[in-house]
Amino acid sequence: MTTHKRVHDIPIGASLKLVRDKRTAWSWSLGAGEDVELIEIQGQPVQFKVKDRLGRIWMLDSHDVEMSSEEEQSESAETAES
């Protein structure tokens, strides 16, 4: 069995951490290391619809984010209990 996570297996509502800075044409910005909440996973190529701490909605590529350490730890604990 593999420990590799597919991006489609990330639960809605999960906390994701940005791995690079992002900016929009409206001068919105997110910094690397900021947490966002997953709202939806969309199509091909895979994009995440997320909400930042100010309630703004973003579309991010799957390579722009990673699972936050809290999410990884809680999922690892759930897997170990099974």
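Predicted model: local features only at pLDDT ≥ 70, side-chain atom pairs only at ≥ 80, totals over all residues.
Searching the whole structure gives two aromatic pairs. One is formed by Trp26 and Trp28, with ring centres 5.4 Å apart and planes at 50 degrees, so this pair is tilted. The other joins Trp28 to Trp58; here the centres are 5.8 Å apart and the planes stand at 55 degrees, so this pair is tilted. Planes under 30 degrees apart would count as stacked and those over 60 as edge-to-face. Trp26, Trp28 and Trp58 together form one aromatic cluster.

| Residue | Relative accessible area | Class |
|---|---|---|
| Trp26 | 66% | exposed |
| Trp28 | 27% | partly exposed |
| Trp58 | 5% | buried |

Trp28 sits in the loop between strand S2 (22-23) and strand S3 (29-30), while Trp58 belongs to strand S6 (residues 57-61), so their pair ties together parts that lie 30 residues apart in sequence.

S6 runs antiparallel to strand S5 (residues 47-51), and five bridges join the two strands. Leu60 of S6 has Phe48 standing opposite. S5 and S6 form a hairpin with five residues between the strands, and in this hairpin Gly55 takes a positive phi near 85 degrees.

Key: Residues numbered from 1 in each chain as written. Heavy atoms only, no water. Phe/Tyr/Trp six-rings, centres within 6.5 Å; stacked < 30°, edge-to-face > 60°. Buried < 20%, exposed > 50% of the residue type's maximum accessible area, 1.4 Å probe, protein only. Helix = DSSP H or I, 4+ residues; strand = E, 2+ residues; numbered from the N terminus. Pairing = 2+ DSSP bridges.
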